[in-house]
Amino acid sequence: MTIAVIGGGPAGLMAAGLAAEAGASVTLFEKNPKVGRKLAITGKGRCNVTNNCDVQTVLANVPVNPRFLYSALGRFSPADAMAFFEKLGVPLKTERGGRVFPVSDKAIDVVDALFFWVKRAGVTIVNEPVEDILTRDGRVTGVFAGNHDHKADRVILATGGASYPLTGSTGDGYRFAKALGHTIVPPRPSLVPLVEDGTACQSLMGLSLRNVAITVLENDKTIYQDFGEMLFTHFGLSGPLILSASAHMRHFGSKNYRIEIDLKPALDEKTLDKRVLGDFEKHKNSDFVNALGELLPRKLIPAVIEAAGIDPRVKVHSITKAERASLVRVLKHFPIRISGARPIAEAIVTTGGVSVKQVDPKTMASKITPGLYFAGEILDVDAYTGGFNLQIAWATGRLAGLSAAQEDV
Ligand SMILES: Cc1cc2nc3c(=O)[nH]c(=O)nc-3n(C[C@H](O)[C@H](O)[C@H](O)COP(=O)(O)OP(=O)(O)OC[C@H]3O[C@@H](n4cnc5c(N)ncnc54)[C@H](O)[C@@H]3O)c2cc1C
């Protein structure tokens with residue numbers, strides 16, 4: 001059995017290594033000079049390999065088409081992924097929220113371990129972009145790369161999504177799959193910075209907030225809450241908290257979104273009001289704009305005052321109870337209206353891709369083109385942050401590799 005794997009990312013590497021171990025003659029085509037370029041920058045260079053949780057929890061973190069992944073994850077769970085990497089010589093550790101990282105904190109260790117493993121398994125790596133998938137009578141016969149036809153009984157398409165294109169994930173696979181008759185659910189950004197509807201963030205550009213809570217409202221209804229770190233930018237909001245939140249905001253254009261930032265999540269409104277009263281007492285003869293220095297970062301004070309609708313030059317002792325209540329409300333619900341997401345190139349993952357209706361979940365084989373298999377982010381599945389996207393790449397890559405290597409499928 002000869003197999004061509006297109007794409008040397010996590011899914012393609014996993015598929016190639018396992019297919020070769022199962023006895024197939026495997027060639028992996030990667031258009032970059034090295035495999036795993038995106039993998040090497042995952043988790044801020046630390047690689048959040050998987051999440052130390054059960055399969056049900058992984059599925060709960062997949063907002064689109066989780067049922068499609070049932071078989072793949074059932075056969076290769078996070079525990080299996082952890083055992084796999086430990087066996088490859090990458091010791092792992094589990095951090096907050098079940099996030100699993102290499103003990104070394106180096107993503108490159110994961111890339112190297114996979115690279116040497118596929119080489120040991122006998123995979124031939126060709127550093128050329130695949131330009132086309134070859135077929136005869138609707139069945140795959142190989143790939144076209146480096147000005148040559150490369151014959152193969154089976155082709156595994158693992159070219160990733162369309163985010164961070166400089167890493168090589170430029171969406172080529174969508175084109176190949178579409179040409180063979182597959183439906184491509186329009187690729188859109190997920191885990192992506194958000195664009196503000198307005199200009200409040202501009203004046204706060206560069207300000208990073210730690211230990212804040214956010215609430216995402218869709219048409220005024222709460223759909224998500226989280227706690228952590230975020231950043232104001234010239235276009236809107238970014239940072240880990242915001243990227244995670246963006247994955248829940250899937251209807252820009254048809255629904256309205258607002259993010260409310262709780263700037264003092266450790267204090268309930270009553271306690272916060274007492275704290276504000278204390279600060280007011282200390283600064284009772286100052287202008288209001290000078291009374292919030294102990295409560296807020298300097299840059300944030302004018303924006304909070306404006307949102308509370310209070311004159312910044314009024315003396316603190318003349319602030320009314322209603323105005324104080326308005327200030328407390330803004331501190332707990334600082335509002336930013338969101339108009340949309342940044343472009344897909346800036347997204348951590350792509351949502352959309354090859355329709356899973358046309359892929360057999362038990363084998364990752366195309367239901368349309370005999371001999372073609374899919375793995376990883378090219379499929380119309382994506383997950384929230386926490387190591388779940390890589391877990392999907394490992395599990396679908398493994399299933400595609402093992403299925404493609406079987407003679408009788
Ligand atoms: C900055 C960043 C951080 C991330 N951190 C995490 C994290 O910590 N944990 C997590 O779970 N997920 C993380 N992700 C998401 C995760 O990296 C992806 O979901 C995962 O890499 C998808 O794997 P893949 O193999 O499907 O595709 P990719 O990793 O995109 O690999 C596809 C490969 O195919 C190659 N290719 C494309 N077209 C061709 C062609 N025509 N011919 C030959 N080769 C081709 C590309 O060069 C690329 O190497 C992160 C993503 C980004 C951008």
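This is a predicted model: local features need pLDDT of at least 70, side-chain atom pairs count only at pLDDT 80 or more; totals for chains, interfaces and linings use all residues.
**Group meeting: strands, a buried threonine and a surface patch**

Okay, let's start with strand 2, which runs parallel to strand 6 (residues 124-126), with three bridges joining the two. If you want a residue pair to click on there, take Thr27, which sits opposite Thr124 of strand 6.

Now go to strand 1, residues 2-6. Strand 1 pairs with strand 2 (residues 25-29), again in the parallel sense, and here we get five bridges. In that pairing, Ile6 stands opposite Phe29 of strand 2. To get from strand 1 to strand 2, the chain goes through helix 1 (residues 10-21), and that β-α-β crossover is right-handed.

Next, Thr50, over in strand 3, which covers residues 50-51. So, buried or exposed? Thr50 is buried, because its relative accessibility comes out at 0%, and the cut-off for buried is under 20%. Thr50 does have a polar partner, though: its side chain makes a polar contact with the side chain of Gln391, at 2.6 Å.

Last stop, the surface. Which residues form the nonpolar patch here? They're Ile41, Tyr164 and Ile348, and together they have about 250 Å² of accessible area. Let's zoom in on Ile348. You'll find Ile348 in the loop between strand 17 (334-341) and strand 18 (349-354). Its relative accessible area is 39%, so Ile348 counts as partly exposed, and that value also clears the over 30% that patch residues need.

That's my tour, thanks.

How values were computed
Residues are numbered from 1 along each chain as its sequence is written. Side-chain values use heavy atoms; hydrogens and water are left out. Patches are made of residues with over 30% relative accessible area and no salt bridge: like charges are joined within 9 Å, nonpolar side chains (Val, Leu, Ile, Met, Phe, Trp, Tyr) within 5 Å. Accessible areas come from the Shrake-Rupley method with a 1.4 Å probe; for residues, only the protein chains shown count as cover. A salt bridge is a side-chain nitrogen of Lys or Arg within 4 Å of a carboxyl oxygen of Asp or Glu. Helices (H or I, at least four residues) and strands (E, at least two) are DSSP runs, numbered from the N terminus. Buried means under 20% relative accessible area, exposed over 50%, partly exposed in between (1.4 Å probe, protein chains only). Two strands pair if DSSP finds at least two bridges between them. A crossover is right-handed if, with the strands pointing away from the viewer, the path from the first strand over the helix to the second runs clockwise. A polar contact is a pair of N or O atoms within 3.5 Å; within protein, one must be able to donate a hydrogen and the other to accept it, and residues adjacent in sequence count only if both atoms are side-chain atoms.
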